[in-house]
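Here are my notes after a pass through the model, as numbered points. Have the structure open while you read.

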Amino acid sequence: MKNLCRRCGAELPENASFCPHCETPLGEKRPVRPPHPWRWKAVICAGILLVGLGIFLTWRWVGSRPETYDPGAAELVYEDGGTTYHLLLSFYSVDGIPEPQKEKRATVSPSSDGGRSACPSQLYVYDEATGENCRERFREKVAALSVETIPVGNSQTMEHTGAVQDDPRMPYSLASTEVLYEAEDGSDEVRWTLTMENGDVIVLRHYLSIRRISTLSYQAEDVPMETAEELQALLDRIDATVDDSIEVTIYLPTVTYDQPISMQHPCCLLGSLEGDTVFTQPVTIGDGEGAVVSFQNLIFAGSGAGTGLATGQGLILYHCLFENWEVGIASLDGSWVTTKDCGFRKNDVGLRINTLRYNFSDSAYTGNRFEENGTGIVIEQLGGDWVLDFSGCVFAGNGTDIDNRAGYQLDLSHAAFE
């Protein structure tokens, strides 16, 4: 059967798609759908959203992942939860306000052999914007807290008491530790590590360096010191010829010194064990940079006027008696005076403390007896944030036992008041 064009009737070649005579298309007509550009737009927008979401999630992950903060120093500014915190380490503070210390240098003498001294390493935290101590708020953000001592060079590792929180002697610190050292040269890094609840790690460090010093001793059998004039001449000669870095110990005879005595070079005075070593006139100790001296077994017997002992240097007294002075001991600015097993009797004021700066502190005023004084202790002002411990002390027959006009922190729980 012939294939004919449906329009002009002409015979068509086999499999023709159009008529060669009238050019009429011979294929079946199909509807043509217009393109839908919105589908491509949707695909493009979805791709853009996915890329943006990926960038956002990456930014959030990078911004929130735990970080390690190690400035290699004793202080750091750290931000968390919209608050900027100022963390710092110190070996020393005044009225709860510490000074950041990269290093503390201490001296020990051969006489310290067999014993250990302690230096408190303290960690503080403040709100950087307000300056407020915020240890309680910051403590909630801390998951773990540790401290370690790391020897520098050939030094020995110093022991420590661990990270202690809420030490009543340092009530403003976040934590503290006592670094223990002996009479050996050396330096240790004291490193604090805080692991935060958010995973961050904070590392702070400072250094404690110890230097062994030389000593000199003077015996009554070898050097004249039977009179106040001879003792004063010896002290003047020591001040003129002995380097301040050398510790001096003077073993006093059984004698009564009836003239005022002044000391500039730090000297430890040890009274006789065979009888009484007595001072009936005032003794004055001048300012001493970094000096700490000790007096033992001495009697300061006054006549109702003056100050028995006035000092501008760090001083520890053991088994000394102050009787019948206007002021038994006056701790002047630049000094910290600690008394242990001492007696204060019939003075207007037994112990007067009036100092804001010092380079030595010992808060244990243990075993003292204050009796029949107008006022046993007057605390006019005292730097630092220690708690003064009066364990074993007895207050008897005083007009006023303690005049704490500075409002300093005292522990009287183990003192007796009669």
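1. A definition before the rings: Phe, Tyr and Trp rings (for Trp, the six-membered one) pair if their centres lie within 6.5 Å, with planes under 30 degrees apart counted as stacked, over 60 as edge-to-face and the rest as tilted. On that basis the structure holds twelve aromatic pairs. Take tyrosine 124 and tyrosine 126: their ring centres are 6.5 Å apart and their planes sit at 10°, so this pair is stacked.

2. Some ground rules. This is a predicted model, where local features need pLDDT of at least 70 and side-chain atom pairs count only at pLDDT 80 or more, while totals for chains, interfaces and linings use all residues. Numbering starts from 1 along each chain as its sequence is written, and side-chain values use heavy atoms, with hydrogens and water left out.

3. Are those two tyrosines buried or exposed? Buried means under 20% relative accessible area, exposed over 50%, and partly exposed in between (1.4 Å probe, protein chains only). Tyrosine 124 is at 0%, so it counts as buried; tyrosine 126, at 13%, counts as buried too.

4. Strands here are DSSP E runs of at least two residues, and helices are H or I runs of at least four, numbered from the N terminus. Strand β7 (residues 117–127) is mostly covered, with nine of its eleven residues buried.

5. The open sheet has five strands in the order β2-β3-β7-β10-β9, paired antiparallel. β2 (75–80) and β9 (159–160) are at the edges with a single partner strand each, so one side of each lacks a neighbour in the sheet.

6. The bridge counts inside that sheet: six between β3 (residues 83–90) and β7, seven between β7 and β10, and two between β9 and β10 (residues 175–181). For spot checks, serine 90 partners glutamine 122 in β7, proline 120 partners glutamate 178 in β10, and glutamate 159 partners leucine 180 in β10.

7. Now the cores, meaning sets of buried Ala, Val, Leu, Ile, Met, Phe, Trp, Tyr and Cys residues joined through side-chain atoms within 4.5 Å. The largest has 54 residues, and Ile250, Phe279, Phe295 and Leu317 have the most contacts inside it. Helix α3 (residues 228–241) supplies the largest share of this core, five residues. A second, separate core of 27 residues includes Phe91, Leu123, Cys134 and Val179.

8. Phenylalanine 295 is worth a click. Counting contact as heavy atoms within 4.5 Å, and skipping residues up to four places away in sequence, its partners include Met263, Ile285, Phe300, Leu315 and Leu317. Phe300 also belongs to an aromatic cluster, along with Phe279, Phe322 and Phe344 among others.

9. Strand β26 (residues 337–340) contains threonine 338. Both faces of β26 are covered: Val337 and Thr339 on one side, Thr338 and Lys340 on the other, all buried. Strand β23 (residues 314–318) pairs with β26 in the parallel sense over four bridges, and leucine 315 stands opposite valine 337.

10. Threonine 338 has a relative accessible area of 0%. Its side chain makes a polar contact with that of tryptophan 336 at 2.9 Å (N or O atoms within 3.5 Å; within protein, one must be able to donate a hydrogen and the other to accept it, and residues adjacent in sequence count only if both atoms are side-chain atoms).

Notes. Two strands pair if DSSP finds at least two bridges between them.
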